[in-house]
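Dear colleague,

Please find below the structure that I am handing over to you, together with its sequence. My findings follow it.

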Amino acid sequence: MGSGDVYKRQVLSTLGGAFTTYRLAKLPKFNVIRASSLLTILFYFSVLFIDNVLMSESRSSETAEFWATVFFGGSFVGMSAPHRFSYYLLTISSLCFAIIFILLLPLLEGIGGALGCSAFISVAISHSLRMAVTKLKGA
């Protein structure tokens with residue numbers, strides 16, 4: 001698998017984490033934490049199942065951990081307040097997260113630092129864009 005394929009999968013995993021968390025958190029009996037936790041656990045076990053059973057490749061759990069981490073990072077983005085974010089901004093934030101995460105991961109020691117930092121920066125960028133567009137429309 002080439003690096004281009006890995007980047008595409010990272011973007012898709014990020015989008016999947018953001019959108020599924022955003023939607024599930026809106027359902028009764030769910031909140032952003034429950035939605036993110038449940039979906040990340042399901043995603044992790046799905047990757048383990050696909051790698052080890054369907055593809056018959058006996059890999060360590062590191063592969064599943066990496067992809068669940070990427071999904072979880074997207075889920076951070078999906079935890080954004082629904083009254084502040086539309087699907088359009090959620091998409092922009094998710095794409096920003098994927099790019100920033102790809103760039104920051106080699107520079108930061110722990111994946112947790114890269115996740116939180118990337119999610120914050122991506123949501124801040126989208127929120128700032130929304131505010132700028134709102135001000136331009138009003139001017």
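What percentage of the contacts in the protein chain with a separation of 6 or more comes from residues 24 or more positions apart? In this predicted model, such residues account for 67% of those contacts.

The protein chain contains 5 helices and 0 strands, and its elements follow the order α-α-α-α-α from the N terminus. Among its 139 residues, 33% count as buried. The accessible surface is about 8200 Å², and carbon and sulfur atoms hold 68% of that area.

The largest nonpolar core has 16 residues, of which Val77, Leu90, Phe97 and Phe101 touch the most other members. At least two residues of this core come from each of α1 (3-24), α2 (32-54), α3 (62-78), α4 (87-104) and α5 (111-138). There is also a second, separate core of 5 residues, including Leu24, Ala25, Leu39 and Phe71.

Two residues may be of interest when you inspect the contacts. Leaving aside residues up to four places away in sequence, Val77 touches Ala18, Leu90, Ser93, Ser94, Phe97, Ala119, Ser122 and Val123. The other residue is Ser118, which is located in helix α5. Ser118 counts as buried because its relative accessibility is 0%, and buried means under 20%. With residues up to four places away in sequence again left out, Ser118 touches Phe97, Ile100, Phe101 and Leu104.

With kind regards

Conventions:
Residues are numbered from 1 along each chain as its sequence is written. This is a predicted model: local features need pLDDT of at least 70, side-chain atom pairs count only at pLDDT 80 or more; totals for chains, interfaces and linings use all residues. Side-chain values use heavy atoms; hydrogens and water are left out. Helices (H or I, at least four residues) and strands (E, at least two) are DSSP runs, numbered from the N terminus. Buried means under 20% relative accessible area, exposed over 50%, partly exposed in between (1.4 Å probe, protein chains only). Contact means heavy atoms within 4.5 Å. Accessible areas come from the Shrake-Rupley method with a 1.4 Å probe; for residues, only the protein chains shown count as cover. A nonpolar core is a set of buried Ala, Val, Leu, Ile, Met, Phe, Trp, Tyr and Cys residues joined through side-chain atoms within 4.5 Å.
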